[in-house]
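Take them in order and find each spot as you read.

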Amino acid sequence: MTWLNQLDPTWQFLLFSALKVGVAVVALLTLVAYTVILERRLAACIQDRIGPNRVGPLGLLQPLADGVKSFLKEDFVPGHVRKIYFWLAPALIMIPALLTLAVIPFGSRLGSQPLVIADLNVGILYTFGIVSLGVYGIVLAGYAANSKYPFLGGIRSTAQMISYEIAMGLAVIPVFMLAGDLNLSRIIDYQSHGLFSWLAFKLPVSFVLFGITAFAETNRTPFDMPEAENELAGGYNVEYGSMKFAMFFMAEYANMIAVSAMIVTLFLGGWTLPWFGLDRPAANLWVGLLQVGIFLGKVAAWVSFMIWTRWMLPRFRYDQLMKLGWERLIPVALANIVGIAVWLWMKS
Amino acid sequence: MNEILFYSLAALTLGCGLLVVANPFSRNPVTSAMFLVMTILSLAGLFVLLGAFFLAAVQVIVYAGAVIVLFLFVIMLMGSHELPRRAFHWLLAAAACLVTGALAALLLRLLSALKTQPPAVGAPVEGGTALLGRLLFTDYLLPFEVVSVVLLVAMVGVIVLSRKEAA
Amino acid sequence: MGLLGVLMRRSVLLIYMSLELMLNAANLAWVAFSHFNRNLDGQVMVFFIVTVAAAEVAVGLALMVALFRQRQSTQAEDFATMKL
C-alpha cells in the first residue's frame, strides 16, 4: 500500500474517485437486479402465489436468466418510430439514476477515504437538477414511439413530473432550514445525535410529503399514470422490446433505489444508527463497512416499502393525481415551510 | 485541466446553440429543444468553472427541468412535428445576417477596445447558496420582491390565457 | 446566434428557443463579470434573469397555445393579421 501514499494527491483523488464510481455503479446494477426479484417474490407473497423460485437456490439466479433472455431476444425496431429518439430514450432514462448516486454519502469512511463520490456544497440542488432531467427519457420514449398510447404516456409523465417536482422541492426546504446546509454529508452530521435528531421525526410533514412525491417521481403505483397498463397498455414503453425494454425496466428500479437513497440520507439519518456509537465516522475498516451495510439496509427497507405499496393501493385517476399534487401537497408544503420558519424564529 | 474543460464546454455550447437555430439534418422542433437542453447543460458546466455553483444548479433545474419540458409539452400538444418547408426569403435571410453580423462586429470592436484589466484582487468568489441568499435579502430585496410579483402576474396571466372558453 | 434565430426562423416555437439562447448568453456574460470582478452582484442579476425568463416562457407558451387554437399553425406569418 506504500505506493498509494507516494502518489501525488491529484492522482490519488482520481484513482479513488474512479474506484468509487466503479463500485457504486456495479453495486447499483446488482441491487437493481435483486430489487426486481424482491418485487416479484413480495408480489407473490401478497397475492398468495409462490413466485419465481426455479433458477438457482430460492430463485436467486432469476435476474441472470432474465438478463440473458433480454439480450438474446431480437432487437426489433418497429417501422413507424422515430429512429434517433427511439435509440436515445432508453439510454437517457438510465442516466439520471446513476448520476444521483454521485452525491449520496453511502458510508462514513473507509480508511481515510470519505465514502461519497462528490461531496458537493449544493448537493440537494444537484439531485433536484438530475431528477428534473429524468423526465426526458420518458417523454422522448413516448414521442419516439409515434403512436398514441406511448404518446399519451409521455404527455402524462411530463405533466405529472413537473407538478410533483414542485411539491418535492418545497418539501425539502425545511430540511435545509433546520440543517443550515445543502451538503448531504452535513445533513447526515446534523442527524447523528440520537434517534430523534433524524429529520423524519423532526419534520414529519416534510418526510411524508417527500415520500409521496418520491412515488410520483419514480412513476410507481399509485402514481404510475405514464404506464398504466390497463388503460395505456404499458404507456411510454409499448413499442419497445428486448434489451431496450429491459433498460426501461432497470431504470425504474434504479430510480427507486436512487430515490430511496435520497430519503434515507435526508430523513432517516443516512449511514448512522443512534446506538453503539455508530453515529460517528468510522474509526476502523470494519465499522466503516458496517455503516455501508446500515445504509444499504435502510435503502432496502424503503425499497420494500415502495414495493409493498404497489401491491396494496390502486392507481389514481389522472385528474385526482393533478388535484392531489396542486391542491393538497403544494399548499401543505407551503404551510409546512411557513410553520417551520415561524417556529425557528420563535426559538431564536 | 480547467482550460481543456472550458474550451470543450464552450465549443459544446456554441455548437449546440447553432444546432438549435439551424439544424441542417432535421426540421423537427423536438430536435431543437433537445439541443437547447445540451446548450443549457454545457452552460451550467461553464457556470461551475466560473464558481457559480448555485446558479449552475438553478440553471439546470429551471431551464432543463421546467422551461424546455414546457416547450416539449407544447410541441407535443400542437402535434405539428415536422415544420413545413416554405419558400426561403433571401432578402429576409440577408437582412438577418447583416444585422447579426453588425452586432457581432460591434461587440468584437468593443471587446478589443477594452483595455482595462479586471481588478483581480482577492480570492475568486464562489456563488454559494448562503452568500447569494444574504445578498438577495439585503441589497436586492426590492428587485427580489418585484420579481415575485412578476411571477405572480405571469401565473395569473397564463391561467387567464389558457382557459378553454375564455369569456 | 439567438438573434439570427429570431430573425430567420419562422416557427414561433423556434423563435422562442432563440430568445432563450439570447437570455442565456447574457447570463453567461453576467456570471463571467461576476467572476472576474470578484463580487456576487452579477450572479444575483442572473438569478433575476432566470426567474423572469421562466415567467416569460410560461406566458409566451400560453399565448402560443391560444393562437394555435385560433389558427392551427405555429408559423409567425400566419399571425400577421390583427383581428382574430
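1. Start with how to read an angle between helices: the axes are lines fitted to C-alpha atoms, over the stretch in contact, and the angle runs from 0 to 180 degrees between N-to-C directions. Two packed helices are described by that angle and by the distance between the axes. Keep in mind as you go that this is a predicted model.

2. Now try it on chain A. Helix 6 of chain A and helix 13 of chain A (residues 318–347) pack with their axes 9 Å apart, at an angle of about 15°. Angles under 35 degrees count as roughly parallel, so helix 6 of chain A is roughly parallel to helix 13 of chain A. The contact between helix 6 and helix 13 of chain A has 24 nonpolar residues, four polar ones and one charged. As for handedness, helix 6 of chain A passes helix 13 of chain A in a left-handed crossing.

3. Next, look at helix 2 (residues 9–46) and helix 12 (residues 285–310), both of chain A. Their axes come within 10 Å and cross at roughly 45°, which makes helix 2 of chain A oblique to helix 12 of chain A. This crossing is right-handed. On the helix 2 side of chain A, the contact residues include A:Leu31, A:Leu38 and A:Glu39, while helix 12 of chain A brings, among others, A:Val303, A:Trp308 and A:Arg310. Sorted by class, the residues of this contact are eight nonpolar, two polar and two charged.

4. What about a pair from two chains? Helix 1 of chain B (residues 2–21) packs with helix 2 of chain C (residues 12–36) at an angle of about 155°, and their axes are 9 Å apart. Angles over 145 degrees count as roughly antiparallel, so that is the word for helix 1 of chain B against helix 2 of chain C. Their crossing is left-handed. Chain B puts B:Gly17, B:Val20 and B:Val21 into the contact, and chain C puts in C:Leu14, C:Met17, C:Ser18 and C:Leu21.

5. How many cavities of 30 Å³ or more does the structure hold? It holds one. The largest cavity takes in about 300 Å³ of space. Its lining is made of 24 residues, and A:Val131, A:Met161, A:Glu217, A:Thr218 and A:Asn255 lie nearest the centre.

6. Which helix gives the most to that lining? Helix 11 of chain A does, with seven residues. Helices 4, 5, 6, 9 and 11 of chain A each supply at least two residues. By class, the lining of the largest cavity has 16 nonpolar, five polar and three charged residues.

Definitions and conventions:
Residues numbered from 1 in each chain as written. Chains lettered and ligands numbered in written order. Predicted model: local features only at pLDDT ≥ 70, side-chain atom pairs only at ≥ 80, totals over all residues. Heavy atoms only, no water. 1 Å grid on protein atoms, 1.4 Å probe; cavity = no way out; pocket = protein on both sides within 12 Å on 5 of 7 lines; lining within 4 Å. Points joined across faces, edges and corners; volume = space filled by probe spheres on them. Helix = DSSP H or I, 4+ residues; strand = E, 2+ residues; numbered from the N terminus. Nonpolar A, V, L, I, M, F, W, Y, C, P; charged D, E, K, R; others polar. Parallel < 35°, antiparallel > 145°, perpendicular 65-115°, else oblique. Left-handed = near helix turned anticlockwise from the far one by under 90°. Contact = heavy atoms within 4.5 Å.
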